[in-house]
Amino acid sequence: EVSEMSERSKQNVAHGLAWSYYVGYLKIVLPRVKKSMEEFSSANPNLLVCRKTWKLHILIPLSCDVYDDLEKADSNIQYLTDLSETTMARAGTKKRVYKHSLYAIRDEENQLWHCAVEYATPLQSLYAMSQDECAAFSREERLEQAKLFYRTLEEILQGSKDCAGTYRLIAYEEPGEAETHFLSREILWHLRQQHHEEFAVHEETPPPTPSTALDSAELNLQISVSDLPQPLRSDGF
């Protein structure tokens, strides 16, 4: 009965995607991120001055709207280079390559901030399911699944010793009206927060919290056994 109720409410979709993303990708690449960043920093000492940002910044738009090209999503985000590759045999594929891209994020004062950033790819699956009649996934259900994916992934990563300090989840809800540089501002807020953590003695006040940022401590996910997922309450929305 529990299995049938989960199937009807589609609660297992986001949960499964989060675990697959972790086991099949993040658990492999995250433990190697700091080494890649350290290698790049040694060759480019003026670009990655804040060690707190030596992480993989994972974008989680609750709309599941994922761009294949970040530069097209926001012109203030410019591709810089790729970090060193990790190659291994995986599921029958020899020499499978894993790598991350480093980007320069331009702020309001034309200053460049550098970080490794990419979207959480399972969100593409959630979006595709909402467009496929066979999946019968409504827009509202997609939103609930995106929130559940975020919370599940966060809990998994918090319990992973190998991945500690190697990632930064950037979950956000896009504004109703299109904003040209919304995404770069979201990323910059997180980068500034990390700079503030590293150089807190020189700061008087922390940067303001953007209205769209998700505070995981305030996120309260309520899962119901009814056919439709219950709303996610966040005091930050």
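In which strand does Ser101 lie? Ser101 belongs to strand 5 (residues 101-106), where helices (H or I, at least four residues) and strands (E, at least two) are DSSP runs numbered from the N terminus. The model is predicted, so local features need pLDDT of at least 70 and side-chain atom pairs count only at pLDDT 80 or more, while totals for chains, interfaces and linings use all residues. Residues are numbered from 1 along each chain as its sequence is written, and side-chain values use heavy atoms, with hydrogens and water left out.

The protein contains 7 helices and 7 strands. Their order along the sequence is α-α-α-β-α-β-β-β-β-β-α-α-β-α. Of the 237 residues, 44% count as buried; buried means under 20% relative accessible area, exposed means over 50%, and partly exposed covers the values in between (1.4 Å probe, protein chains only). Contact is defined as heavy atoms within 4.5 Å. Among contacts in the protein with a separation of 6 or more, 67% are accounted for by residues 24 or more positions apart.

Ser101 illustrates contacts between separate parts of the sequence. Leaving aside neighbours within four places in sequence, Ser101 is in contact with Tyr79, Thr81 and Asp82, and also with Cys115, Ala116 and Val117.

The packing of helix 5 and helix 6 was examined next. Two packed helices are described by the angle between their axes and the distance between the axes. Axes are lines fitted to C-alpha atoms, for helices over the stretch in contact, and angles run from 0 to 180 degrees between N-to-C directions. Helix 5 (residues 122-131) packs against helix 6 (residues 139-158) at an angle of about 160°, and the axes are 10 Å apart. The two helices are therefore roughly antiparallel, on a scale where angles under 35 degrees count as roughly parallel, over 145 as roughly antiparallel, 65 to 115 as roughly perpendicular and the rest as oblique. The crossing of helix 5 and helix 6 is right-handed; a crossing is left-handed if the near helix is turned anticlockwise from the far one by less than a right angle, and right-handed if clockwise.

On the helix 5 side, the contact is made by Pro122, Leu123, Leu126, Tyr127, Ser130 and Gln131, which meet Arg142, Gln145, Ala146 and Phe149 of helix 6. By class, this contact comprises 6 nonpolar, 3 polar and 1 charged residues. In this classification Ala, Val, Leu, Ile, Met, Phe, Trp, Tyr, Cys and Pro count as nonpolar, Asp, Glu, Lys and Arg as charged, and the others, Gly among them, as polar. Met129 is also located in helix 5 and is partly exposed, at 25% relative accessibility. Met129 and Arg139 are 10 residues apart in sequence, and their C-alpha atoms are 9.9 Å apart in space.

Lys35 is placed in helix 3 (residues 33-43) and counts as exposed, with 57% relative accessibility. A C-alpha separation of 9.1 Å is found between Lys35 and Trp54, which are 19 residues apart along the chain. Lys52 occupies the loop between helix 3 and strand 1 and is partly exposed, with a relative accessible area of 34%. When residues up to four places away in sequence are not counted, Lys52 touches Gln194, Glu197 and Glu198. The C-alpha atoms of Lys52 and His195 are separated by 6.8 Å, although these residues lie 143 residues apart along the chain.
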